[in-house]
Amino acid sequence: MSFQQHTVTLAGDSPGQTTVLYWYSAGPENAPTKVHLQAALHADEQPGTMALHHLLPRLRDADAQGRLKARFAIFPSVNPLGLSTRVLRRHIGRYDLETGVNFNRRWPDLYPLVAKAVEGRFTQDGAANMALLRRAVGNWIAEQRPVTANQTLRLKVLQSAHDADIVLDLHCDDLSLKHIFTSPELMPGLQDLADRMGVAATLTAEDSGGGSFDEVLPALYRKAQAANPGVPIPMAAETATLEYRGQADVSDALGIEDANGLFDFFAGRGLIDAAVAPAKPAPSPTPFEATEILRAPSAGLLAYQVELGESVRAGQVVAELIAMDGPESFMARQPIRSGTDGIILSRASAKYVVGGASIAKIVGTTILPARAGGYLLED
């Protein structure tokens, strides 16, 4: 039996402080496929942790029975630093309070960091080229000398993920339907994941603008391909951000449902020896540039006029904004209208918003001019 719990002690940024990162491994060490699973990189997003809580025993039991055909690395709560960032009884697990940087932004652009190490060494053997890139990244990671706890944590996570064939980063939205973010080259290959999750949408982008974790490895292989034309370099990692509904959607029932979806995805890939029933097809992918991030024009109280999953037309009122700065304005309601046809994928759980706050994502099918080539994320 190879199922094991592991710990990594991270030196803190202040004298006497340490933080422990827990993770698990399962499956044969020499398996031809490696899977990296992590949840709660945004430490205040717990649906993925609940899903992995219910998935782990199934992987442990399958491992004991010799039914795992892949090597799994599982990080149920991958950001212990963010777990401790509580301010005035509120969990601020999305940002590093020291730097203000979102924990899922500014991950390294790997190819420029290893380009010299692989220069002139590629061959016409795609598998060898993949291995060359992975070794170069592994060597770069080993050479780093992190200063802060967050830098150390990121390197530990990259060390696990850099040579994985499947990398799934489990998140959630504020108030939302299930959806996926992934790279366009990986679809329709990951359609089976979308089907098993039962997502409402799969949103694709080569570069969403923020250096998100799920874009690190596709960017590595994509840039290697562009810099070495005529050389077979496979897109060797299937990576995705899985958005499991909203922050409040944490329960055993939902966790079991989501764990079952992940287990069946791996079994359907032949990575677990288990029979699975066919999945209901999920919607086909759409470019992230076709999703409108609808924002509040000013501060006020939201009164939504549409529900999650509802189809809207361009110009339709999604919410009305009640001003809060005087008797007359308090009685007025300013409409906030959709700028595209699509479905309501997410809404804001807090109904008092400030100007510029995201209040909805509307998934359409037509690329929006204002979104093409720009920063695609909410923050």
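**Ground rules**

I am working on a predicted model, where local features need pLDDT of at least 70, side-chain atom pairs count only at pLDDT 80 or more, and totals for chains, interfaces and linings use all residues. Residues are numbered from 1 along each chain as its sequence is written, and side-chain values use heavy atoms, with hydrogens and water left out.

**Overall form**

I found nine helices and 20 strands in the protein chain. These are DSSP runs numbered from the N terminus, with helices being H or I of at least four residues and strands E of at least two. The radius of gyration is 22 Å, close to the 21 Å that the globule rule gives for 379 residues, so the chain is as compact as a globular protein of that length. For the record, that radius is taken over C-alpha atoms, and the rule is 2.2 Å times the number of residues to the power 0.38. Along the principal axes, the C-alpha atoms fill a box of roughly 70 × 50 × 45 Å. I also noted that 52% of the 379 residues count as buried. Here buried means under 20% relative accessible area, exposed means over 50%, and partly exposed is in between, with a 1.4 Å probe and protein chains only.

**Aromatic rings**

I then listed the aromatic pairs, and the structure holds six. Rings of Phe, Tyr and Trp (its six-membered ring) pair if their centres lie within 6.5 Å; planes under 30 degrees apart are stacked, over 60 edge-to-face, and the rest tilted.

Why does the pair of Trp-23 and Phe-75 count as stacked? The ring centres are 5.3 Å apart and the planes are at 5 degrees, so the stacked label applies. This pair links distant parts of the chain, with Trp-23 in strand S2 (residues 18–26) and Phe-75 in strand S4 (residues 71–75), 52 residues apart. Trp-23 is partly exposed at 22% relative accessibility, whereas Phe-75 is buried at 2%.

Back at Trp-107, I saw that its ring forms an edge-to-face pair with Phe-213, 4.9 Å centre to centre and with 75 degrees between the planes. Trp-107 is in the loop between strand S6 (90–91) and helix H3 (110–118), while Phe-213 is in the loop between strand S10 (201–204) and helix H7 (216–227), 106 residues apart. Both residues are buried.

I noted one aromatic cluster made of Phe-72, Phe-265 and Phe-266. Another charge over a ring turned up at Phe-288, where the charged end of Arg-371 sits 5.0 Å from the ring centre.

**Pockets**

My next search was for open space, using a 1 Å grid over the protein atoms alone: a pocket is an open set of points where a 1.4 Å probe fits, with protein on both sides within 12 Å along at least five of seven lines, and lining residues have an atom within 4 Å of a point. The grid points are joined across faces, edges and corners, and a volume is the space filled by probe spheres set on them.

The largest pocket has a volume of about 990 Å³.

I found a cis peptide bond joining Met-187 and Pro-188, with omega about 5 degrees. Arg-245, in strand S11, has a positive phi of about 60 degrees although it is not a glycine, and it is buried at 10%.

How values were computed
Lys NZ or Arg CZ within 6 Å of the ring centre and 35° of its normal.
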